[in-house]
Amino acid sequence: MSNARNLANLLGAGTTITSANLPTNIAVDGSITAGTALVGNVSGRMLLDASASSTDVGEEFLLDGTDGSATNAGSKIVFEEGTDDPNTLLSTDLTLDGQVKFSQNYELNDSNTYVKLASTTISSSVAQIAFDASVVDSAKYDVFYCTIRNLSATNNQDDIGVRFSSDNGRNLIDNSGMHKYELVNGNDNGRNFNKAYHPIADDSEEGVSVEDGTDGYFYLYNAGSSTHYKSVIGHGMTENSGTSGNYYGYKGMSRLLWTAPINYIKIISVQNNLDRGTVTLYGVRS
């Protein structure tokens, strides 16, 4: 008979089972029923050996409902060290054959300074391109960077600008903005000041040709501060309306006399609407 069937006869009724009175290995033909818990060497493993067929070799153990509601049914028993800690499990390279899908937004913990938050492309008339509090998280980013590409207005001689808000667009912050301009292909320069918006470009050419459209960028500083005023600095370039082939570059600077954190940014045509272009907003890691 096997060691398991002779165990009671060998030890006697009521004998405490210890490593001293057990043989080195026990072969069991039937099942083992534990009154409380079955404790083993935590550094060892239990593997299926597929006595019926080779298809079960290496399979995992699964729970079959350890409580009345069977909430644990189908859960796995895991033996490898670190598999209960995703930081340990994913600390080395991981190759996946299929796709990885996330139900929520995710952020890569890497060394990239600029984190893309949102991008909007328009091809018909709109009053503005706006990024609200769901995107402008100034509790997380104190500096924002925004790029403007091929942006045009619905009419000639429109100015392109930016406005800001700390209550998700309900009220716009008073702005003190100015810009310097330079004719790229000629001798003309000057400055304009006391703008109620942050200027990107003036007198933009309206149309859909390859020449026109405003390009530029700006930085917003101290966006998350509750004690400091906000600064905005950027550049823009556009074909000047009425002087075909004349291109002007602009350096814009603004001071927002406002201490509350910013949570809303919108790009506008000061006189009319926007009808074409792409605006992309980034958060800048400190």
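How many bridges join strand β4 to β7, and do the two run parallel or antiparallel? Strand β4 (residues 158–165) is joined to β7 by 4 bridges, and the two run antiparallel. Two strands count as paired if DSSP finds at least two bridges between them.

This is a predicted model, in which local features need pLDDT of at least 70 and side-chain atom pairs count only at pLDDT 80 or more, while totals for chains, interfaces and linings use all residues. Residues are numbered from 1 along each chain as its sequence is written, and side-chain values use heavy atoms, with hydrogens and water left out.

**The chain as a whole**

- The protein chain contains 2 helices and 12 strands; these are DSSP runs, numbered from the N terminus, with H or I and at least four residues for helices, and E and at least two residues for strands.
- Starting at the N terminus, the order of elements is α-α-β-β-β-β-β-β-β-β-β-β-β-β.
- Of the 286 residues in the protein chain, 31% are buried (buried is under 20% relative accessible area, exposed is over 50%, and partly exposed is in between, with a 1.4 Å probe and protein chains only).
- Among contacts with a separation of 6 or more, 70% are between residues 24 or more positions apart; a contact means heavy atoms within 4.5 Å.

**Strand β7 and its partner**

- The bridge partner of G161 in β7 is P199.

**The largest nonpolar core**

- The largest nonpolar core has 28 residues; such a core is a set of buried Ala, Val, Leu, Ile, Met, Phe, Trp, Tyr and Cys residues joined through side-chain atoms within 4.5 Å.
- F131, F164, L220, I265 and I267 have the most contacts inside this core.
- At least two core residues come from each of β1 (114–122), β2 (128–131), β3 (143–153), β4, β8 (214–221), β11 (264–269) and β12 (274–284).
- Strand β3 supplies the largest share of the core, 4 residues.
- Apart from neighbours within four places in sequence, F164 touches a list of residues including L220 and I265, as well as H198 and N171.

**Residue L117**

- L117 lies in strand β1.
- L117 counts as partly exposed because its relative accessibility is 26%.
- L117 and V136 are 19 residues apart in sequence, and their C-alpha atoms are 8.1 Å apart in space.
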